[in-house]
Amino acid sequence: MGDRMNNPEWAGLPVVVAGLGLSGISAARVLHRLGAHVTVVDGGDGPGHAAKAAPLAEQGVAVRLGDGATLPEGTALVVTSPGWAPDSPLFAAADAAGVPVWGDVELAWRLRTPHPATGEPAPWLAVTGTNGKTTTVQMLASILTAAGRRTAAVGNVGVPVLDAVLAEEPYDVLAVELSSYQLHWAPSLRVHSGAVLNLAPDHLDWHGSMEAYAADKGRIYQGNQVACVYNLADPATEALVREADVEEGCRAVGFGLDAPSVSNLGVVDGLLVDRAFVADRANAAAELGAVADVNPPAPHNVTNALAAAALARAYGVDARAVRDGLRAFTPDAHRIAQVGEVDGVSYVDDSKATNTHAAAASLAAYRPVVWIAGGLAKGATFDELVAAAAPRLRAAVLIGQDRQLIREALERHAPEVPVFEPAPGQTGAGAMTAIVAAAAAAAEKGDTVLLAPACASMDMFTNYGERGDLFAAAVRALRP
């Protein structure tokens with residue numbers, strides 16, 4: 001990191017970092033190296049928290065756990081991890097003391113330094129939305145790599161953006177996934193181009209209302225330089241573009257599955273087509289690749305690819321690199337991944353579908369479906385989802401703490417669909433074995449058993465990844 005860490009304005013500055021997660025630990029280490037006096041606070045105090053705290057303490061970072069997670073007197077700045085709710089007592093104390101609160105993204109934005117080749121900080125191409133963020137950002141990074149740019153998928157995707165900003169070998173451009181939490185705490189963020197993929201109720205317990213959630217998502221458009229990319233099928237995303245204060249010359253660019261009009265990207269005869277970033281938009285278009293180049297080519301994933309392509313094209317990437325990047329992209333596990341076929345029945349893991357919007361997109365890609373659904377609803381309702389999916393359902397296998405909410409929606413909108421609840425009160429591998437067995441018994445040849453729970457996983461499993469892994473293992477155990 002060299003001289004970039006020798007910044008006198010940070011020397012001795014008393015800073016509190018809220019949270020011992022990946023981004024919190026990254027922020028604490030960076031601030032400590034900047035010379036700040038860092039205190040990390042976290043309300044947890046179990047063995048796992050102590051294990052995470054120990055390496056920081058060895059480096060000279062103060063750590064307060066459990067009841068000690070309060071605001072030290074004299075704090076000049078709070079840097080928060082994304083998950084800390086805005087009504088936290090820590091933030092109330094900071095507000096009362098006039099102490100600003102930044103997220104790790106805000107800190108990273110302020111610590112950017114000029115790229116040695118251009119004299120300007122590496123531009124950020126940013127993505128948010130209720131669903132599809134990680135896939136889109138990874139597609140974008142693949143496209144930028146195919147174009148010969150040094151890049152990385154960072155932010156909410158798993159790699160802290162702070163680490164990327166301060167990397168020894170600087171990046172040419174960053175593909176940045178931003179959650180609504182991160183955007184909430186990033187007041188000065190102004191990206192090259194940003195995209196909102198979609199908007200549906202999610203994390204309302206954190207934001208307090210759909211309006212507040214949408215407003216935080218819309219922050220990604222503030223100050224955009226080249227393009228505000230939005231979903232033509234989701235008017236709420238276009239409304240956020242209209243409300244944004246952008247730089248002179250920044251354009252609104254839509255994407256969708258139909259033939260594109262001027263300034264949009266879309267699909268024509270199985271081809272991905274750009275009428276936004278061509279010289280004669282009124283009369284010409286650029287072919288960016290084929291729907292078949294998208295893996296998997298489910299409709300909602302094609303829109304992810306178009307959004308990634310729009311951001312890459314806004315940055316100046318040529319059409320061939322878009323095609324090559326999409327062909328090279330391999331999706332992560334637990335995102336509409338086929339994990340097996342047994343007796344003519346396909347088994348698909350979309351454990352990442354932790355809300356109704358994601359589950360709806362997954363259900364729309366298959367028919368007939370034995371649907372495995374349930375878990376922690378996070379305040380969601382299921383009537384709209386079930387009503388739309390009803391014609392596709394062979395049966396439903398319900399799991400988890402809030403399964404009754406889905407059962408009631410099925411009774412209202414799909415009363416003819418058989419419902420099974422095979423694992424009440426069970427957790428882990430034993431529960432998933434019973435769940436998959438029930439789904440297999442309900443399925444017929446040609447059906448798809450789809451794990452798209454529309455709920456969070458932590459009532460029965462460690463996380464959505466474990467839920468998907470155990471599903472795949474249980475499917476493998478079905479084989480003769």
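At 5% relative accessibility, Phe 91 counts as buried (buried means under 20% relative accessible area, exposed over 50%, partly exposed in between, with a 1.4 Å probe and protein chains only). The structure is a predicted model, in which local features need pLDDT of at least 70 and side-chain atom pairs count only at pLDDT 80 or more, while totals for chains, interfaces and linings use all residues. Residues are numbered from 1 along each chain as its sequence is written, and side-chain values use heavy atoms, with hydrogens and water left out.

Phe 91 forms an aromatic pair with Trp 185, with 4.9 Å from centre to centre and 55° between the planes, and the pair is tilted. Rings of Phe, Tyr and Trp (its six-membered ring) pair if their centres lie within 6.5 Å; planes under 30 degrees apart count as stacked, over 60 as edge-to-face and the rest as tilted. Phe 91 belongs to helix α3 (residues 89–96) and Trp 185 to the loop between α7 (180–184) and β9 (193–196), 94 residues apart. Helices (H or I, at least four residues) and strands (E, at least two) are DSSP runs, numbered from the N terminus. Trp 185 is buried at 9% relative accessibility. Ring pairs join Trp 84, Phe 91 and Trp 185 into a cluster.

Four aromatic pairs are found in the whole structure. In one of them, the ring centres of Trp 10 and Trp 102 are 6.4 Å apart and the planes stand at 80°, so the pair is edge-to-face. Trp 10 lies in the segment before β1 (14–18) and Trp 102 in strand β5 (residues 101–103), 92 residues apart. Trp 10 is buried at 5% relative accessible area, and Trp 102 is buried at 13%.

Trp 10 is also among the residues with the most contacts inside the largest nonpolar core, together with Leu 31, Leu 107, Trp 124, Leu 189 and Tyr 221; this core has 54 residues. A nonpolar core is a set of buried Ala, Val, Leu, Ile, Met, Phe, Trp, Tyr and Cys residues joined through side-chain atoms within 4.5 Å. Helix α1 (residues 22–34) supplies the largest share of this core, six residues. Apart from this core lies another, of 42 residues, including Ala 141, Ala 175, Leu 197 and Ala 227. Beyond its neighbours within four places in sequence, Leu 107 is in contact (heavy atoms within 4.5 Å) with Trp 10, Ala 27, Leu 31, Val 79, Trp 102 and Leu 162.

Helix α17 (residues 464–478) has 15 residues and should span 21 Å at 1.5 Å a residue, which agrees with the 21 Å between its end C-alpha atoms; the expected span is 1.5 Å times one less than the number of residues. Asn 463 caps the N-terminal end of α17, with a side-chain oxygen 3.1 Å from the backbone nitrogen of Gly 465. The buried residues of α17, among them Arg 467, Gly 468 and Phe 471, pack against β15 (337–342), β16 (345–349), β17 (369–374), α16 (428–442) and β20 (448–451).

Ser 351, in the loop between β16 and α13 (356–363), is buried with a relative accessible area of 0%. The side chain of Ser 351 reaches the backbone oxygen of Tyr 464 at 2.7 Å. Leaving aside neighbours within four places in sequence, the contacts of Ser 351 include Arg 467 and Gly 468.

Note on methods:
Polar contact = N/O pair within 3.5 Å; in protein donor to acceptor, adjacent residues only side chain to side chain.
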